[in-house]
Amino acid sequence: MAAFLQGFSIEVMPRTAAKIESFAEILPAGTRVYIAHLDGTPIEDMVATARRIADDGFPVMPHFPARGIRGRAELADWIARYR
């Protein structure tokens with residue numbers, strides 16, 4: 001079982017991430033954290049969550065919901081915000 005769990009990742013949403021005081025206290029160093037972008041979640045909340053988790057030292061993978069992005073300009077804006 002231990003070998004199976006090596007290198008696992010997790011997924012969180014901004015509203016649930018807000019309930020976690022410290023990701024560093026509950027996750028092994030280096031755990032990849034995916035951030036789910038549910039319909040209606042403001043991009044500002046997504047970016048703030050990504051920043052907070054990255055500041056805790058974890059690699060972050062934000063979700064870009066293709067159906068919810070209204071065009072190239074919005075996609076470019078989102079990418080710039082995450083950088």
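This is a predicted model: local features need pLDDT of at least 70, side-chain atom pairs count only at pLDDT 80 or more; totals for chains, interfaces and linings use all residues.

Visitor: How many helices and strands does the secondary structure of the chain come to?

Guide: Helices (H or I, at least four residues) and strands (E, at least two) are DSSP runs, numbered from the N terminus. Here there are four helices and three strands. Along the sequence they follow the pattern α-β-α-β-α-β-α. The C-alpha trace spans about 45 × 25 × 20 Å along its principal axes.

Visitor: What share of the 83 residues is made up of buried residues?

Guide: A residue is buried under 20% relative accessible area, exposed over 50% and partly exposed in between, with a 1.4 Å probe and protein chains only. In this chain, buried residues make up 30% of the 83 residues. As to surface, accessible areas come from the Shrake-Rupley method with a 1.4 Å probe, and for residues only the protein chains shown count as cover. The chain exposes about 5900 Å², of which carbon and sulfur atoms supply 54%.

Visitor: How are contacts to be read, and what percentage of those between residues at least 6 apart in sequence join residues at least 24 apart?

Guide: Contact means heavy atoms within 4.5 Å. Among contacts between residues at least 6 apart in sequence, 56% join residues at least 24 apart. Met61 is partly exposed, at a relative accessible area of 33%.

Visitor: Which residues does Phe8 touch, not counting those up to four places away in sequence?

Guide: Phe8 touches Leu27, Pro28, Thr31 and Arg32, on that count. Phe8 lies in the loop between helix 1 (2–5) and strand 1 (9–12), and its relative accessibility of 34% makes it partly exposed. Distance along the chain and distance in space can be set side by side: Phe8 and Pro62 are 54 residues apart in sequence and 16 Å apart in space, C-alpha to C-alpha.

Visitor: How many aromatic pairs does a search of the whole structure find?

Guide: Rings of Phe, Tyr and Trp (its six-membered ring) pair if their centres lie within 6.5 Å; planes under 30 degrees apart count as stacked, over 60 as edge-to-face and the rest as tilted. The search finds two aromatic pairs. In one of them, the ring centres of Phe64 and Trp78 are 6.3 Å apart and the planes stand at 45°, so the pair is tilted. Phe64 lies in the loop between strand 3 (60–62) and helix 4 (72–82), and Trp78 lies in helix 4, so the pair ties together parts that are 14 residues apart in sequence. Ring pairs link Phe64, Trp78 and Tyr82 into a cluster.

Visitor: Are Phe64 and Trp78 buried, exposed or partly exposed?

Guide: Phe64, at 30% relative accessibility, counts as partly exposed, whereas Trp78 is buried, with a relative accessible area of 7%. Helix 4 also holds Glu74, which is buried at 15%. Not counting residues up to four places away in sequence, Glu74 touches Gly68 and Ile69. Asp77, likewise in helix 4, is partly exposed, with a relative accessible area of 33%.

Visitor: Where does Ser22 lie, and which residues does it touch beyond four places in sequence?

Guide: Ser22 lies in the loop between helix 2 (14–17) and strand 2 (32–35). With a relative accessible area of 17%, Ser22 is buried. Beyond four places in sequence, Ser22 touches Arg52 and Asp56. A polar atom of the Ser22 side chain also lies 3.3 Å from the backbone nitrogen of Ala24.

Visitor: How far apart are the mean positions of the positive and negative charges?

Guide: Lys and Arg count as positive and Asp and Glu as negative, with His and the chain ends not counted. The place of a charge is taken as NZ of Lys, CZ of Arg, CG of Asp or CD of Glu. For the 10 positive and 10 negative charges of this chain, the mean positions are 7 Å apart.

Methods
Residues are numbered from 1 along each chain as its sequence is written. Side-chain values use heavy atoms; hydrogens and water are left out. A polar contact is a pair of N or O atoms within 3.5 Å; within protein, one must be able to donate a hydrogen and the other to accept it, and residues adjacent in sequence count only if both atoms are side-chain atoms.
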